[in-house]
Amino acid sequence: MKGDYCTREGAERLKQQIEAYWAERGHDVKINLVQGGFLASMRSARTDVRSNMVNGVPTKSKADFG
């Protein structure tokens, strides 16, 4: 499914889109993909997209996150 951002492939596309968007605006945004567990409601596993942004906005700190 093209718009499914919970799959590994969809999460990778979303990661690239977010990083490219902010890079064009001069920000170094770090995105990590984290493999989540199986969810009965989704009937599949999921991939979480995590970043060093706060409320969807890049932070001034370049420190990575865990």
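**Aromatic and charged side-chain contacts**

Tyr21 is partly exposed, at a relative accessible area of 41%. This value, like those below, comes from a predicted model. Trp22 is buried, with a relative accessible area of 17%. The structure holds 1 aromatic pair. Tyr21 and Trp22 form this pair.

The charged end of Arg25 sits over the ring of Tyr21. Its distance from the ring centre is 3.6 Å. Arg25 is partly exposed, at 42% relative accessible area. Arg25 also meets the side chain of Glu24 in a salt bridge, at 3.7 Å from N to O. Glu24 is exposed, with 65% relative accessibility.

Across the whole structure, 5 salt bridges were found. Among them is the bridge between Arg8 and Glu12. The closest N and O atoms of Arg8 and Glu12 are 3.6 Å apart. Both residues belong to helix H1, which spans residues 8–24. Arg8 and Glu12 stand 4 residues apart there, so about one helical turn separates them. Arg8 is partly exposed, at 38% relative accessible area. Glu12 is partly exposed as well, at 28%.

Another of the salt bridges joins the side chains of Asp48 and Arg50, at 3.5 Å from N to O. Asp48 is buried, with 16% relative accessibility. Arg50 is partly exposed, with 43%.

Key: Residues numbered from 1 in each chain as written. Predicted model: local features only at pLDDT ≥ 70, side-chain atom pairs only at ≥ 80, totals over all residues. Heavy atoms only, no water. Phe/Tyr/Trp six-rings, centres within 6.5 Å; stacked < 30°, edge-to-face > 60°. Buried < 20%, exposed > 50% of the residue type's maximum accessible area, 1.4 Å probe, protein only. Lys NZ or Arg CZ within 6 Å of the ring centre and 35° of its normal. Salt bridge = Lys/Arg side-chain N within 4 Å of Asp/Glu carboxyl O. Helix = DSSP H or I, 4+ residues; strand = E, 2+ residues; numbered from the N terminus.
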